[in-house]
Amino acid sequence: ETGAIFIDRDPAAFAPILNFLRTKELDLRGVSINVLRHEAEFYGITPLVRRLLLCEELERSSCGSVLFHGYLPPPVFPIADKLNVSLKTSYSFTVFAATVNLLWFSLGFPVDPRKVLIVAGHHNWIVAAYAHFAVCYRIKESSGWQQVFTSPYLDWTIERVALNAKVVGGPHGDKDKMVAVASESSIILWSIQDGGSGSEIGVFSLGVPVDALFFIGNQLVATSHTGKVGVWNAVTQHWQVQDVVPITSYDTAGSFLLLGCNNGSIYYIDMQKFPLRMKDNDLLVTELYHDPSNDAITALSVYLTPKTSVSGNWIEIAYGTSSGAVRVIVQHPETVGSGPQLFQTFTVHRSPVTKIMLSEKHLVSVCADNNHVRTWTVTRFRGMISTQPGSTPLASFKILSLEEAESHGSYCSGNDIGPFGERDDQQVFIQKVVPITNKLFVRLSSTGKRYIHVEGFKGERSRTRTVQVVVSPSSLLSPCS
């Protein structure tokens, strides 16, 4: 009735807009640039939008921050057999984007072939797995990152990847490097020579879907939750598959592979003895421990104390169960002969434990309740875990994230939250709040505090551009982090 027009918008954002319209001066105190730019774009105030874009550019460098270590440009995509074109990508995908978008869906591709699905590292090498091929890079102080190997095009989509940059006694001597990829039950293994040339070692089948693919020394190991373990040995060039009970977790320690199973038992395989058992066709799967409640072992973490290499019998294992219990078992010199002894039990989780980590200073467990994390301090005496004064609760927090509803098999492998890092230093979680994002948060595993905010490249806002983080085994503040 007064003739006034009511505008139902945020008044905090409107004050700097009105001041800009009056004086052409911009005051950003107390207002987010993103919120202000959204309002300016909504009302079509182009001069203000340009000014805000400039403010964003001043705050962020396209060359990355002080923690930014290197940019690896997209490789040449080996997809000529399918598309009858040789697609070379650059920083912008605009030339081929429309064509590729139509072709990969019409040909039945379940995943965008330009998207990085998994990144894995070993020593000074990393491997980036795309939907239908993998690329290996090596870094040297003198020359920086160098692309050294690209796999052939694969008809199936990669779900798992493993890299071994330090092979001892391989088929081509100690200078061999190996990379393996898996999809469903199929595994392909390549050998990479120093010059960058690669050759296929073999194609193997586990017979069931591969849930984990990794190296123990120079041996490739594949496991499945159905209860199968496959091992390829670089010395004997032999692939062997053995049945065990259904596997719900695993961890490695030196030459040992430990398997947590749904019957409440922890089994181990000594890979050093594998070549000696070829005639018997037996991986020597031995029971190490059985949970007193007969609950499934859903998470495993082995900590080798500093004295392990000297005496060979100092070992500590933390494991989580399907009922939410967290237990620590230890084997020290005085317990040799009787197996690991139950040391400590925590019954704080109310959902199955999905991850666990025992380190020099902390015990960290994660359960299925929206990645609920609980941490405890670990007391040690002369390197050995001690009850005096004992473990004390340190933190409780959640690594909240929204997962893709219909994700490919590589999603869980390429988006693992961790924890990552060395056992004798602070470990971290990687939090990706939403499935398609250019922002990641690095959080301390001991307290849950956000330590680093990682943001992807500012440039073409394409849904196919993916941020991948590799946390180095070295210190967080080292150049390779």
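These are my notes on a few spots I looked up in this structure, which is a predicted model.

**Entry 1: helix 2**

I started with helix 2, which covers residues 33-43. Which of its residues are buried? I found Ile33, Leu36, Glu39 and Ala40. Looking down the axis of helix 2, I saw these buried residues fall within an arc of 130 degrees, so they line one face of the helix.

Next I asked what covers the buried residues of helix 2. The cover includes helix 1 (11-23) and helix 3 (46-59).

Then I checked both ends. At the start of helix 2, serine 32 has a side-chain oxygen that comes within 3.3 Å of the backbone nitrogen of asparagine 34. After helix 2 comes glycine 44, and its phi is positive, near 70 degrees.

**Entry 2: aromatic rings**

I moved on to the rings. How many aromatic pairs are there in the whole structure? The search gave 13. One of them joins phenylalanine 42 and tyrosine 43, with 5.0 Å centre to centre and 85 degrees between the planes, an edge-to-face pair. Is phenylalanine 42 buried or exposed? Phenylalanine 42 is exposed, at 52% relative accessible area. Tyrosine 43 comes out as partly exposed, at 35%.

For another pair, I picked tyrosine 130 and phenylalanine 133. Their ring centres are 4.8 Å apart and their planes are at 5 degrees, so this pair is stacked. Tyrosine 130 is buried, with 6% relative accessibility, and phenylalanine 133 is buried too, at 1%.

Back at phenylalanine 42, I noted that Phe14, Phe42 and Tyr43 make up one aromatic cluster.

**Entry 3: charges over rings**

Phenylalanine 42 turned up again here. The charged end of arginine 9 sits over its ring, 4.3 Å from the centre. I also found lysine 24 over the face of phenylalanine 20, 5.9 Å from the ring centre.

**Entry 4: strand 29**

Last, I went to strand 29, residues 428-431. Are its faces covered or open? Both are covered: Val428 and Ile430 are buried on one side, and Phe429 and Gln431 are buried on the other. Strand 29 pairs with strand 30 (residues 439-444) in the antiparallel sense, over 4 bridges. Which residue of strand 30 stands opposite glutamine 431? I found phenylalanine 441 there.

Terms used. Residues numbered from 1 in each chain as written. Predicted model: local features only at pLDDT ≥ 70, side-chain atom pairs only at ≥ 80, totals over all residues. Heavy atoms only, no water. Buried < 20%, exposed > 50% of the residue type's maximum accessible area, 1.4 Å probe, protein only. Helix = DSSP H or I, 4+ residues; strand = E, 2+ residues; numbered from the N terminus. Pairing = 2+ DSSP bridges. Phe/Tyr/Trp six-rings, centres within 6.5 Å; stacked < 30°, edge-to-face > 60°. Lys NZ or Arg CZ within 6 Å of the ring centre and 35° of its normal. Arc of directions from axis to C-beta. Contact = heavy atoms within 4.5 Å. Polar contact = N/O pair within 3.5 Å; in protein donor to acceptor, adjacent residues only side chain to side chain.
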